[in-house]
Amino acid sequence: MARNKEALLLLLDVSPSMHTFLPEVEKLCSMLLQKKLIYSKNDEVGIVLFGTEDTNNELTKEVGGYEHVVVLRHIKVVDGDLVEALQQLPRGTVAGDFLDAIVVGMDMLIKKFGSTNKGKKRLCLITSALCPIKDPYEGTKEDQIGTIAEQMSAHGMKLECIVARGRLSGNVDMRIMDENDLLLKLFSTKTTAKTLYVETPTSLLGALRTRSIAPVTIFRGDLELSPKMRIKVWVYKKTAEDRFPTLKQYSDQAPPTDKFATHEVKVDFEYKSVEESSKVVPPEQRIKGYRYGPQVIPISSAEWEAVKFKPEKGVKLLGFTDASNVMRHYYMHDVNIFIAEPGNTKAMLAVSALARAMKEMNKVAILRCVWRQGQGSVVIGILTPNVSDKDDIPDSFYFNVLPYAEDVREFQFPSFSNLPASWQPNEEQQEAADNLVKMLDLAPSGSKETLLPDLTPNPVLERFYRHLELKSKHPDAAVPPLDESLKKITEPDPELLSQNKPIIDAFRRRFELKENPKLKKSTRRLFRDRPSGLNEEASMGDGSDGQAIKSIENTSTVGVEKIGDSTPIQDFEAMMSRRDSPEWVGKAINEMKNKIFDLVEDSYEGDNYLKALEYLVALRKGCVLEQEPKQFNDFLHHLYKYCEKHNLNSFCESLASKEIMLINKTEAADSEVTEDEARSLMVKKEPKLE
């Protein structure tokens with residue numbers, strides 16, 4: 001078997017204790033084979049069932065024993081038949097002996113591939129481990145485990161055990177369960193084996209490694225602590241984003257009778273001259289251009305290479321800092337792992353000493369990394385010690401990339417402490433909000449964590465692969481509804497909500513809940529286009545026009561970019577609430593200032609004063625929320641001076657009657673106005689503008 005191929009043998013427990021998990025086992029194993037059909041179509045897979053009423057395996061015929069073990073599919077290259085076989089597993093009626101299944105699986109691998117140690121051979125056991133294990137003819141069960149483990153190591157086999165147990169019923173024999181757990185644990189100490197316990201069907205979906213990725217180093221070289229001190233290290237990727245498979249275009253234009261048609265779509269590009277559209281420009285006459293304002297600047301490949309930044313390959317220590325100085329949300333991209341160079345004892349001792357010293361002092365290291373020669377970017381990150389508690393696993397480091405200043409996105413939100421006292425939450429509201437947040441904790445103290453990252457699959461990818469397999473058989477099949485096990489990941493847990501209903505109800509009682517009205521599209525364009533002789537009542541009386549206006553009003557706008565004439569306050573609030581650019585707040589404030597000033601300036605005998613005051617109240621509220629006191633205070637001073645200069649005393653009196661005053665320090669921390677100074681503006685006479 002080639003080194004890059006894998007032979008996988010699925011050992012599936014179908015005894016009565018596994019019946020509740022079997023639907024998820026079918027989905028999980030089918031998903032495994034579907035991914036192999038995409039990523040590893042040359043891998044070989046076999047299926048063995050135990051806990052069945054029947055017996056069908058070669059060891060029973062040769063030496064006897066190994067009852068209730070059935071070879072469902074012999075080891076062969078993965079294909080659609082294997083996927084179908086896993087989608088309808090038989091339900092067993094007798095207890096299953098997982099040791100018998102492991103021995104039968106080992107025998108199949110040895111007979112298939114001989115005594116060679118090449119390639120990857122993996123046994124995947126999925127069981128509840130609640131059924132008793134038969135005593136061996138000679139020795140103890142522990143001795144039998146040792147013999148099996150020795151043979152597995154000799155033939156280069158790995159064992160992956162997934163123990164699926166839900167809520168245990170009262171008739172479970174705890175002595176048998178503990179004994180089986182101990183036997184499975186022995187495998188991990190005597191050979192390459194891993195045991196994982198799952199309690200829910202959702203966690204079972206993420207328990208099995210459905211795609212094998214060979215670890216590849218991204219760096220081999222020196223970790224330079226100083227010019228005279230270096231440690232030989234290897235760097236691997238610890239985590240990586242699981243992406244959608246690369247989908248290629250498929251052409252059905254080839255004749256159906258052509259057996260050698262690849263159905264591939266090839267795309268070729270031709271560059272033609274602007275002056276002569278029929279003339280194709282050859283590659284040696286083409287040059288890349290980059291826009292700079294209205295111009296296009298040509299830059300040749302030689303010039304580009306000359307100005308390209310070419311750092312030297314290497315990993316250098318910049319310094320140490322307290323772990324508390326680096327927040328978890330600073331981490332970017334994937335996680336890498338630094339290990340000492342394999343076989344280098346001095347490097348292992350140096351890495352271990354450094355990791356344990358950093359752990360003891362609660363320090364992290366800041367590194368400058370260039371993974372390969374010619375790499376165009378430099379990575380800055382932190383090295384966190386990973387001290388092992390097992391004798392056979394050496395100490396290592398985790399590496400996380402840190403952001404540059406250009407990578408940081410800071411969103412400024414005003415603090416509650418800067419808001420008026422009437423807007424502050426009281427103690428009861430604060431307590432209700434705290435309880436609601438605590439209720440949503442996936443890892444509460446004293447309880448097991450829900451949706452563990454290691455056991456939670458990506459629901460988008462899971463659904464994609466299932467639909468892909470369905471479309472391969474039925475091209476016209478519609479997208480099926482979301483699976484119940486995936487709903488546990490994507491939707492709120494009904495059990496959690498029902499258990500915490502009093503907390504949710506308490507939150508509702510403490511706060512006045514209002515519907516957030518959707519912003520309406522302005523109807524000013526419709527009215528602007530209306531003939532001047534047609535009055536509003538006549539227009540609205542027409543059914544078609546009324547329906548048109550109603551349809552416009554019921555359509556929410558994507559993003560308000562200007563304060564209109566029909567709903568200026570709503571437009572102002574919408575612009576102030578936009579977070580896609582910091583410029584919207586300033587633009588909204590300036591446009592509202594102009595609206596207010598135009599109303600005051602164009603007013604005849606105070607006919608626009610009420611509207612101007614209404615806009616001014618909205619402007620003040622927005623400036624308090626966004627902590628822009630200077631903008632409002634300067635404008636109010638300017639408005640006062642204008643009114644005094646043009647003898648608009650009635651508007652000043654209206655301001656005083658509405659108690660529209662300057663924003664003081666208690667409302668906005670950046671304000672330079674005290675509360676007394678804010679009130680004095682209503683009676684203070686400002687000097688006139690010259």
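**Close-up 1. Leu11 of strand S1 and its bridge partner in S4.** Leu11 has Leu125 as its bridge partner in S4. This is a predicted model, and here S1 and S4 run parallel, joined by seven bridges. S1 also has S2 to pair with: strand S1 (residues 6-13) and strand S2 (residues 44-50) line up in the parallel sense over seven bridges. One spot to look for is Asp13, whose bridge partner in S2 is Phe50.

**Close-up 2. Strand S1, covered on both faces.** Go along S1 and you'll find eight of its eight residues buried. Glu6, Leu8, Leu10 and Leu12 sit on one side, while Ala7, Leu9, Leu11 and Asp13 sit on the other, and both sets are buried.

Close-up 3. As a reminder, strands of a sheet pair through backbone hydrogen bonds, either parallel or antiparallel.

**Close-up 4. Helices H5 and H6 crossing.** Helix H5 (residues 141-154) and helix H6 (residues 174-190) have axes that come within 9 Å and cross at roughly 35 degrees. The crossing of H5 and H6 is right-handed. On the H5 side, the residues that meet H6 are Lys141, Glu142, Ile145, Gly146, Ile148, Ala149, Met152 and Ser153; on the H6 side they are Glu179, Leu183, Leu186, Phe187 and Lys190. Sort the residues of this contact by type and you get seven nonpolar, two polar and four charged.

**Close-up 5. Ile218 in strand S7.** Ile218 lies in strand S7 (residues 217-226). Leaving out neighbours within four places in sequence, Ile218 is in contact with Val235, Lys237, Asn336 and Trp371. Thr195 is 23 residues from Ile218 along the chain, and their C-alpha atoms are separated by 29 Å.

**Close-up 6. The seven-stranded barrel.** S7 belongs to a barrel that seven strands close in the order S7-S8-S12-S15-S14-S13-S11, with mixed pairing. Neighbouring strands here are turned by 35 degrees against each other on average, direction ignored. Strand S12 (residues 332-340) and strand S15 (residues 396-401) run antiparallel and are joined by five bridges. Asn336, one of the contacts of Ile218, stands opposite Phe399 in S15. Helix H9 (residues 345-361) lies across S7, strand S8 (229-237), strand S11 (314-322), S12, strand S13 (363-370), strand S14 (379-386) and S15, and runs at about 65 degrees to S15.

**Close-up 7. Stretches to treat with caution.** The protein chain averages a pLDDT of 83, and 90% of the residues score at least 70. Over residues 521-558, though, pLDDT stays under 50, and the model has 29 contacts beyond four places in sequence for this stretch. Residues 683-690 also have a pLDDT below 50, with ten contacts in the model beyond near neighbours in sequence. Where pLDDT is low, the predicted coordinates should not be read in detail.

Definitions and conventions: Residues are numbered from 1 along each chain as its sequence is written. This is a predicted model: local features need pLDDT of at least 70, side-chain atom pairs count only at pLDDT 80 or more; totals for chains, interfaces and linings use all residues. Side-chain values use heavy atoms; hydrogens and water are left out. Axes are lines fitted to C-alpha atoms, for helices over the stretch in contact, and angles run from 0 to 180 degrees between N-to-C directions. Helices (H or I, at least four residues) and strands (E, at least two) are DSSP runs, numbered from the N terminus. A crossing is left-handed if the near helix is turned anticlockwise from the far one by less than a right angle, and right-handed if clockwise. Contact means heavy atoms within 4.5 Å. Ala, Val, Leu, Ile, Met, Phe, Trp, Tyr, Cys and Pro count as nonpolar, Asp, Glu, Lys and Arg as charged, and the others, Gly among them, as polar. pLDDT is the predictor's confidence in each residue, from 0 to 100. Two strands pair if DSSP finds at least two bridges between them. Buried means under 20% relative accessible area, exposed over 50%, partly exposed in between (1.4 Å probe, protein chains only).
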